[in-house]
Amino acid sequence: MVGKFLNLVFTPEEEIPDESEAITALLRAGADYVHIRKPKSSEHYVRTLLESIDRNYHCRIKLHDFPALLDNYDVGFHLNSRVRSAECASLSRSCHSIDDVEELSGFDYVTLSPVFDSISKPGYKASVNLDSVSSVSNVPVVGLGGVTLDKMDYLKSKGFSGAALLGDVWSRDDGLEKTVEWLRLRNMRLQYITDGQNPYESVLAALAGGCRWIQVRMKDAPDSEIEDFVKLISPECRHRGATLLIDDRVELAERLKNIVDGVHLGQNDMNPCEARRLLGGDMIIGLTINDLSHLDNDRILFADYYGIGPYRFTTTKKNLARPLGLEGYRAIMNKMVDRNCVKPFVAIGGITVRDISDLAEIGVPGFAVSGSISRAKDPESATEELMKEIQKHYIV
């Protein structure tokens, strides 16, 4: 997609406990690529890692070593000083100067390093002129070296097409957890909620258009029908790095926890406290907020994010609450500050591409839509248009 900012994570060179689970968590949260860089490990170790990771994620993995593994796994490769050539459809490459970058083409992207003083390699100092990157047009450039989450906006402003995290993830006790949270928030900028209008085709179109958060809402369908649908779209979501939630059906989400990331609950659905007890701490729980009074209930403490709305009247939701408008969002956001409630949220309810700018201006961090995609003449193009507007305000 035009304007897409790539978010990469490099593994540490050393082997770490539960490494395949950590890599899976990053891919599941929406990392565009995870680079497995293991020059000190054996081919057997890397093969075991790949075998432990769902093959639906393999298209978003890049190896740095052992190109022979490309014969058996649908992964990409990152050329570097140890391996200078490889036969594969998805290639990237390391560079250490703008001159090197300007001579290249035909790669998914190149990494340029070090853009900042390295975290994982003390003494490895920044050596890249960041002001020169904006002139590069022959290949996407991803910044590497000393990158932290709070530097992403800065790198994007300098013309980088993405950034790669390394030391910031693995050198801090909470680094992996914070990175997963950040990736999920990036995914949440645009959420598509199914509404019964050609749901399979609409989900595929939303994913192709750049949406990376799918909520399956099939209020009147039996669990068996929802389960079949989730199993159908789950591989597509994993290929794209999209978060997949089910509306309301907590027990079903728990049963499908290997392919579903969580649930979204309305005010009349299961109490989020009970849902958290059933689902554990790793699965996502969203909660609908319709007015100020909903922030006074302890239910909000057990949710990871909120869907706040409706923004305006919409025909895609039964029993619609009173529309909030911009002033309603301001009031709820002010009360969230008063309650020290810093959880992310999406605005929902009749939102169109024309509303994104106004809502972003008052600080709304994400947007949930249904009919704006499923009822569009061209759902994929409609999604692209929404994403382009969101990308004017946020890293996506």
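**A first walk through the model**

Tutor: Let us begin with D248, which counts as partly exposed at 22% relative accessibility; here buried means under 20% relative accessible area, exposed means over 50% and partly exposed is in between, with a 1.4 Å probe and protein chains only. This is a predicted model, in which local features need pLDDT of at least 70 and side-chain atom pairs count only at pLDDT 80 or more, while totals for chains, interfaces and linings use all residues. Residues are numbered from 1 along each chain as its sequence is written, and side-chain values use heavy atoms, with hydrogens and water left out.

Student: Okay, and where is D248 found?

Tutor: D248 is in the loop between β11 (243-247) and α9 (250-255), where helices (H or I, at least four residues) and strands (E, at least two) are DSSP runs numbered from the N terminus. The phi of D248 is near 80°, a positive value in a residue other than glycine. Most residues other than glycine have a negative phi, and most peptide bonds are trans.

Student: Which other residue has a positive phi, near 55°?

Tutor: That is N340, again a residue other than glycine, placed in the loop between α11 and β15 (345-348). N340 is exposed, with a relative accessible area of 63%.

Student: And the peptide bonds, which residues does a cis one with omega about -5° join?

Tutor: That cis bond joins S113 and P114, and P114 lies in the loop between β6 and β7. A cis peptide bond also joins G309 and P310, with omega about 10°, and P310 is found in the loop between β14 (305-308) and α11 (325-338).

Student: Switching topic, how do the strands from β1 to β8 run?

Tutor: They form a closed barrel of 8 strands in the order β1-β2-β3-β4-β5-β6-β7-β8, with parallel pairing; two strands pair if DSSP finds at least two bridges between them. Strand β1 (residues 6-10) is joined to strand β8 (residues 162-165) by 4 bridges, and V9 stands opposite L165 in β8.

Student: What about the strands from β9 to β16?

Tutor: Those 8 strands also close into a barrel, in the order β9-β10-β11-β12-β13-β14-β15-β16, and the pairing is parallel. Strand β9 (residues 190-193) and strand β16 (residues 367-369) run parallel and are joined by 3 bridges, with Y192 having V369 as its bridge partner and L190 standing opposite F367. On its other pairing, β9 meets strand β10 (residues 213-216) over 2 bridges in the parallel sense, where I193 has Q215 as its bridge partner.

Student: Are the β9 side chains buried or exposed?

Tutor: L190 and Y192 point one way from β9, Q191 and I193 point the other way, and all of them are buried.

Student: Now the rings: how many aromatic pairs are there?

Tutor: The structure holds 5 aromatic pairs, counting rings of Phe, Tyr and Trp (its six-membered ring) whose centres lie within 6.5 Å, with planes under 30 degrees apart called stacked, over 60 edge-to-face and the rest tilted. One of them is the tilted pair of Y33 and Y109, 5.4 Å centre to centre with 55° between the planes. This pair links distant parts of the chain, with Y33 in strand β2 (residues 33-36) and Y109 in strand β6 (residues 109-112), 76 residues apart. Both Y33 and Y109 are buried.

Another is the tilted pair of F116 and Y154, 6.4 Å centre to centre with 40° between the planes. F116 lies in the loop between β6 and β7 (141-144) and Y154 in helix α4 (residues 152-157), so the pair ties together parts that are 38 residues apart in sequence.

Student: Which charged end sits over the ring of F116?

Tutor: The charged end of K151 sits over the ring of F116, 4.3 Å from its centre, a label that needs NZ of Lys or CZ of Arg within 6 Å of the ring centre and within 35 degrees of the ring normal. Likewise, the charged end of K62 sits over the ring of Y33, 4.6 Å from its centre.

Student: Last one, is E19 buried or exposed?

Tutor: E19 is buried, with a relative accessible area of 3%, and belongs to helix α1 (residues 19-29). Although E19 and S52 are 33 residues apart in sequence, their C-alpha atoms are 9.6 Å apart in space.
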